[in-house]
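Hello,

Here is the structure for your files. My notes on its charged pairs and its surface follow below.

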Amino acid sequence: MTQRRQINGKEKALIVRELLENQVPLSKLSEKYHVHVNLIRRWKKQLFEEAANILTNKSDKEKKSPSSAEKKKIAVLEEKLKKRDEAISILLQENIEIKKNLNGEI
């Protein structure tokens, strides 16, 4: 049984770059680097899928994470939800007790 060859990121980038910049056919790249054509296609797809993350500015990344003020607001809202859930639970229990008392059962 043959052992799989490990290809690092630099080699993958080199192959995909050669494909895109020099427009070398997939079949020739596959033969040259002894890699299956589908692997090269997968690397190319991964490159384009991750391009947005790679090219995102720091300011864009910081906007995605909530600030301390937003975190405080979230905590306050979560506390309000917790209190409302407790109130709803109490009201439901009281409602069930009233129905039991009126009908003898639910």
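Glu-49 and Lys-45 are joined through their side chains in a salt bridge, at 3.9 Å from N to O; the term stands for a side-chain nitrogen of Lys or Arg within 4 Å of a carboxyl oxygen of Asp or Glu. The model is predicted, so local features need pLDDT of at least 70 and side-chain atom pairs count only at pLDDT 80 or more, while totals for chains, interfaces and linings use all residues. Residues are numbered from 1 along each chain as its sequence is written, and side-chain values use heavy atoms, with hydrogens and water left out.

Glu-49 and Lys-45 sit 4 residues apart in helix α3, about one helical turn (helices are DSSP runs of H or I, at least four residues, numbered from the N terminus). Lys-45 is exposed at 54% relative accessibility, and Glu-49 is partly exposed at 47% (buried is under 20% relative accessible area, exposed over 50%, partly exposed in between, with a 1.4 Å probe and protein chains only).

The whole structure has 3 salt bridges. Another pairs Arg-17 with Glu-21, with the closest N and O atoms 3.1 Å apart. Both residues belong to helix α1 (residues 9-21), 4 residues apart, and both are exposed.

Lys-32 and Glu-18 also form a salt bridge, 3.0 Å from N to O. Lys-32 is in helix α2 (residues 26-33) and Glu-18 in helix α1, so this pair ties together parts 14 residues apart in sequence. Glu-18 is buried, with a relative accessible area of 13%.

Regards

Note on methods
Helices (H or I, at least four residues) and strands (E, at least two) are DSSP runs, numbered from the N terminus.
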